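My notes follow in the order in which I checked things.

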Amino acid sequence: MTAADGPSSMPHRQDPCRTSDVLGIVGDKWSLLVVRNLSQGPRRFTELKRATTGISQRMLTVTLRGLERDGILTRTVVNVMPPHVSYALTPMGMTLREATAPLLEWSLGNLDGIHAARAAYDSRAEATPPAPS
């Protein structure tokens with residue numbers, strides 16, 4: 001097949017730039033924490049809020065909507081009073097959890113070292129006089 005045959009006859013090739021969509025999920029400050037908190041099973045909004053230290057109610061709502069839109073989790077509403085809403089990982093969300101678990105473990109294992117490096121950098125930056133203009 002050649003390009004002259006038209007785009008529909010060309011084999012589908014992945015555009016490396018499209019991976020930025022996925023990296024947006026992985027690089028988001030809150031998404032991976034929410035995915036981690038859902039890895040043990042469905043959770044209600046308040047459970048997720050308690051388990052995700054520092055997240056605001058609005059940011060959790062935005063994060064959950066984004067993950068639902070991307071097919072990472074499902075939102076289930078049970079029509080009782082008050083409504084019971086729970087969130088659970090989809091099969092794709094579980095594969096995201098499996099793929100990112102080493103990153104989260106690395107983060108936890110290196111957090112003290114990162115804080116120490118930042119403190120050393122900041123103290124050097126404060127001790128260095130500004131360059132003349």
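For the neighbour lists below, I took contact to mean heavy atoms within 4.5 Å. The model is a predicted one.

Entry 1, overall make-up. I counted 5 helices and 3 strands in the protein. Along the sequence I read the pattern α-α-β-α-α-β-β-α. Of the 133 residues in the protein, 25% are buried. I also looked at sequence separation: among contacts with a separation of 6 or more, 43% are between residues 24 or more positions apart.

I asked how many of the residues of H2 are buried. The result is 6 of 8, and H2 is mostly covered. I listed the buried ones as Ser31, Leu32, Val34, Val35, Asn37 and Leu38.

Two packed helices are described by the angle between their axes and the distance between the axes, and I looked up both values. H2 spans residues 31-38 and H5 spans residues 91-127; the angle is about 110 degrees and the axes are 10 Å apart. That angle makes H2 roughly perpendicular to H5. I noted the crossing of H2 past H5 as left-handed. On the H2 side, the contact is made by Leu32, Val35 and Arg36. On the H5 side I found Gly93, Leu96, Arg97, Thr100, Leu103 and Leu104. Sorted by type, the residues of this contact are 5 nonpolar, 2 polar and 2 charged.

I found Ser31, Val34 and Val35 of H2 meeting Leu60, Thr63, Leu64 and Leu67 of H4. The residues of the H2 contact with H4 comprise 5 nonpolar, 2 polar and no charged. Val35 is listed in the contact with H4 and also in the contact with H5.

Is Thr63 buried or exposed? I classed Thr63 as buried because its relative accessible area is 6%, and the cut-off for buried is under 20%. Which backbone oxygen does the Thr63 side chain reach? It is that of Met59, at 2.8 Å. Leaving out residues up to four places away in sequence, I found Thr63 touching Trp30, Ser31, Val34 and Ile55. Of these, Ser31 and Val34 are among the buried residues of H2, and both take part in the contact of H2 with H4.

Key. Residues numbered from 1 in each chain as written. Predicted model: local features only at pLDDT ≥ 70, side-chain atom pairs only at ≥ 80, totals over all residues. Heavy atoms only, no water. Axes fitted to C-alpha atoms, helices over the stretch in contact; angles between N-to-C directions. Helix = DSSP H or I, 4+ residues; strand = E, 2+ residues; numbered from the N terminus. Parallel < 35°, antiparallel > 145°, perpendicular 65-115°, else oblique. Left-handed = near helix turned anticlockwise from the far one by under 90°. Nonpolar A, V, L, I, M, F, W, Y, C, P; charged D, E, K, R; others polar. Buried < 20%, exposed > 50% of the residue type's maximum accessible area, 1.4 Å probe, protein only. Polar contact = N/O pair within 3.5 Å; in protein donor to acceptor, adjacent residues only side chain to side chain.
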